[in-house]
Amino acid sequence: MNKKPIIVVLDFPDAKSALDLAARLDPASCRVKVGKELHTAAGPKVIDELMQRGFDVFLDLKFHDIPNTVASACRIAASQGVWMMNVHASGGRRMMLAAREAVDFTSVRPLLIGVTVLTSLSNLDMSEIGFVGTAADNVMRLATLTKECGLDGVVCSAEEATGLKAALGAEFQLVTPGIRLDNDAKGDQQRVVTPIDAIRLGSDYLVIGRSITHAKDPIATLHSINQQLAAMKSITSTA
Ligand code: C5P
C-alpha cells in the first residue's frame with residue numbers, strides 16, 4: 001500500500017469552500033482532487049493555490065475528445081504541475097497515445113490515468129447505452145487497452161480491482177472512487193466499497209468525496225480512515 005492512498009474530493013461550487021477545507025487538511029495525510037465542478041467555477045488558479053499549500057493535485061477532468069484536442073489539453077494541464085490527470089479510455093487508442101505523448105514531454109510527468117466505466121453506471125445503464133457485456137467486462141477491456149497505450153493506470157470500481165491487478169500487474173495503478181463508509185448513503189454511485197475492502201481488493205488510491213466532505217467532522221473522518229488503513233497495513237506486514 002502506498003503511504004498516502006486517500007485522495008479527498010474537492011467537489012465545491014467555489015474556490016473559497018474548497019480552500020477552506022484544504023486549510024484544515026494536512027498534505028501529509030491526503031492528496032486532493034479537483035474535478036469538473038470546482039475547475040469550472042474557479043479555473044486553474046485553484047490548482048496553483050492547492051499546490052502552493054503542498055498538496056498533490058489530481059486533475060479529474062476526464063478528457064474525451066479528438067486526439068489533437070485531448071493532447072493539447074493534457075500538455076497544458078501537465079505543464080501546470082498536477083500530480084495525476086485522466087482521460088476517458090473510451091476515447092480510443094489514438095486519443096490515449098496522443099495524450100501520453102503530450103505528457104511524456106513535460107519536465108515533471110504527471111500520472112496519466114484512463115477512466116474505464118463510471119462507478120455510477122450499473123449493468124442496466126451499460127446495456128441501455130449500448131455496451132455489450134457487464135460493467136466488469138467493459139472495465140477489463142478498456143483497462144487492457146489503456147495499458148497497451150502506455151498509461152499508468154485506470155479509474156475503476158474497487159469491485160474490479162482484484163481481477164485487474166491479476167491481469168495487468170501490480171505496477172498498473174488502480175484509482176477507485178465509489179468509496180463509502182459502512183452507514184453512508186450510496187447517493188448516485190452504484191458500485192460502492194468501503195476503504196478497507198478497497199485496499200484489500202487491490203486499489204492503490206481511494207477517491208473519497210461525500211463520505212469525508214459531508215461528514216459532521218471531515219478531518220476526524222479522514223483521520224479515522226487513515227488509522228484503519230495503517231492498522232490493516234501493520235497486520236498484513238506482520239502476517
Ligand atoms: O462523493 P463521492 O465519493 O461519490 O465522489 C466521487 C468523485 O469521484 C466525484 O468527484 C466523481 O466525479 C469522481 N469519479 C467517479 N467515478 C469515476 C471517476 C471519477 O465517481 N469513474
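**View A. Threonine 213 is a buried residue in the predicted model**. Its relative accessible area is 19%, which counts as buried because the cut-off is under 20%. Threonine 213 belongs to helix α10, residues 210-213. Leaving aside residues up to four places away in sequence, threonine 213 touches Val8, Val9, Phe12, Leu21 and Pro218.

**View B. Tryptophan 83 and tyrosine 205 form an aromatic pair**. The count of aromatic pairs in the model comes to one. The arrangement of tryptophan 83 and tyrosine 205 is edge-to-face, with 5.2 Å from centre to centre and 80° between the planes. Tryptophan 83 sits in the loop between α4 (67-79) and β4 (84-88), and tyrosine 205 sits in strand β8 (residues 205-208), so the pair ties together parts that are 122 residues apart in sequence. Both partners are shown with their burial: tryptophan 83 is buried at a relative accessible area of 16%, and tyrosine 205 is buried at 7%.

View C. In α8, which spans residues 161-168, the buried residues are Ala161, Leu164, Lys165 and Leu168.

**View D. Helices α7 and α8 pack in a right-handed crossing**. The angle between α7 and α8 is about 40°, and their axes are 11 Å apart. From α7, the residues in the contact are Val139, Met140, Ala143, Thr144 and Lys147. From α8, they are Gly163, Leu164, Ala167 and Leu168. By class, the contact of α7 with α8 holds six nonpolar residues, two polar and one charged. Leu164 and Leu168 of α8 take part in this contact and are also among the buried residues of the helix.

Methods
Residues numbered from 1 in each chain as written. Predicted model: local features only at pLDDT ≥ 70, side-chain atom pairs only at ≥ 80, totals over all residues. Heavy atoms only, no water. Buried < 20%, exposed > 50% of the residue type's maximum accessible area, 1.4 Å probe, protein only. Helix = DSSP H or I, 4+ residues; strand = E, 2+ residues; numbered from the N terminus. Axes fitted to C-alpha atoms, helices over the stretch in contact; angles between N-to-C directions. Left-handed = near helix turned anticlockwise from the far one by under 90°. Contact = heavy atoms within 4.5 Å. Nonpolar A, V, L, I, M, F, W, Y, C, P; charged D, E, K, R; others polar. Phe/Tyr/Trp six-rings, centres within 6.5 Å; stacked < 30°, edge-to-face > 60°.
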